[in-house]
Amino acid sequence: MRKLVILKSLVDFIWYVTCLPLIPLTLFFSVYMFFDPDILKIFNVLEEGVIITPWYLKVVTLLIVVLLSVFVYSFYLFRKTLRYFQQVKPFDEFVITSYKKIGNMLVVSGVLSAILSFLFHLLVKSQLQLQFGFTSNLFIICLGLFFLVLSELFKIAKVAKEENQLTI
Amino acid sequence: MSILVNLNLMLEKRNMKSYELAERIGITTANLSILKTGKAKAIRFSTLEAICQSLDCQPGDILEFEAD
């Protein structure tokens, strides 16, 4: 299980270095933008000469914050399931429900961010932009579906394991 | 469950204890208990053969079908 140790270490590193500081930062950012709209200039949308109302940008930013929170929560659940793998309990009910939850959240957030990106380009920049390549949104949807499939597989494996244990 | 395990009855007839049978057929008493209480999902042919050999009986003496 050396690979699992490497994976857990990497996931822990990402969690402590990226996700944990991100939570207070996004909370601060989402509250502070209502007091100082200049902070939204980091998106570089206002500087490109695109005229948009600040409330519109605030709504978009809030949606991005929500999507980001979903990713952080998914990552948190994934990190937790790795602990079960280390305890050699891969078919635990928690792992199955977590993978299902992660899958659903990733699919929904992937679809929503794709729609959001499309509408943002259409309404704000007046561009009709469709991305069909190896984009992050498609990748996130695929990842979500993969987790859903994995959850179903684990459910089947759990039943098979129970049957095997109860075969005398 | 519609398949009943009459192992207790056979053990009584042969005047044998559960642990003795478990020892003879090479399974744990915990597994034998699972089999006796009807919690088992399946039984291997090798286990059935060993039980029949030890108790000198037929599979039909141990297993019984009961319609729901």
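1. Confidence. The predictor gives the complex an ipTM of 0.76 and a pTM of 0.75. For chain B the mean pLDDT is 89. Of the residues of chain B, 99% reach 70 or more. Where pLDDT is low, predicted coordinates should not be read in detail.

2. Chain A, overall fold. Chain A has four helices and zero strands. Its elements run α-α-α-α from the N terminus on. Of its 168 residues, 12% count as buried. Take the contacts in chain A with a separation of 6 or more: residues 24 or more positions apart account for 75% of them.

3. Chain A, annotated segments. UniProt, in an unreviewed entry, places the feature "transmembrane region" at residues 12-35, 55-78, 105-124 and 130-150 of chain A. Two of these spans can be set against the model. Residues 12-35 of chain A are 88% helix and 0% strand, with end C-alpha atoms 34 Å apart. Residues 105-124 of chain A are 95% helix and 0% strand, and there the end C-alpha atoms are 27 Å apart.

4. Tyr99(A). This residue lies in helix α3 (residues 93-123) of chain A. Is Tyr99(A) buried or exposed? Tyr99(A) is buried, because 23 other C-beta atoms lie within 10 Å and the cut-off for burial is 20 or more. Leaving out residues up to four places away in sequence, Tyr99(A) touches Thr81(A), Phe147(A), Leu150(A), Ser151(A) and Phe154(A). Pro21(A) is 78 residues from Tyr99(A) in sequence, and the two C-alpha atoms are 24 Å apart in space.

5. Chain B, overall fold. Chain B has five helices and two strands. The order from the N terminus on is β-α-α-α-α-α-β. The radius of gyration of chain B is 11 Å, close to the 11 Å that the globule rule gives for 68 residues, so chain B is as compact as a globular protein of that length. Along its principal axes, the C-alpha trace of chain B spans about 35 × 20 × 20 Å. Of the 68 residues of chain B, 15% count as buried. Among chain B contacts between residues at least 6 apart in sequence, 65% join residues at least 24 apart.

6. Chain B, annotated domain. An unreviewed UniProt entry lists "domain: HTH cro/C1-type" at residues 7-62 of chain B. In the model this span is 68% helix and 0% strand. Its end C-alpha atoms lie 5 Å apart.

7. Nonpolar cores. The largest nonpolar core has 11 residues in all, including Ile168(A), Val5(B), Leu7(B), Leu32(B), Ile51(B) and Ile62(B). Helices α1 (7-13), α2 (18-25) and α3 of chain B each supply at least two residues of this core. Apart from this core lies another, of nine residues; Tyr99(A), Leu106(A), Phe147(A) and Phe154(A) are among them. Back in the largest core, Ile62(B) is worth a look. Neighbours within four places in sequence aside, Ile62(B) is in contact with Val5(B), Asn6(B), Leu7(B), Met10(B), Ile51(B) and Cys57(B).

8. The A–B interface. How many residues of chain B are in contact with chain A? There are 11, and they meet four residues of chain A. Helix α3 (residues 29-36) of chain B gives the largest share of the chain B side, three residues. By class, that side has six nonpolar, two polar and three charged residues.

Definitions and conventions
Residues are numbered from 1 along each chain as its sequence is written. Chains are lettered from A and ligands numbered from 1 in the order in which they are written. This is a predicted model: local features need pLDDT of at least 70, side-chain atom pairs count only at pLDDT 80 or more; totals for chains, interfaces and linings use all residues. Two residues are in contact if their C-beta atoms, placed from the backbone, lie within 7 Å. Ala, Val, Leu, Ile, Met, Phe, Trp, Tyr, Cys and Pro count as nonpolar, Asp, Glu, Lys and Arg as charged, and the others, Gly among them, as polar. UniProt positions are given in the numbering used here, feature names are shortened, and annotations may be inferred rather than shown by experiment. A nonpolar core is a set of buried Ala, Val, Leu, Ile, Met, Phe, Trp, Tyr and Cys residues joined through C-beta atoms within 7 Å. pLDDT is the predictor's confidence in each residue, from 0 to 100. The radius of gyration is taken over C-alpha atoms; the globule rule is 2.2 Å times the number of residues to the power 0.38.
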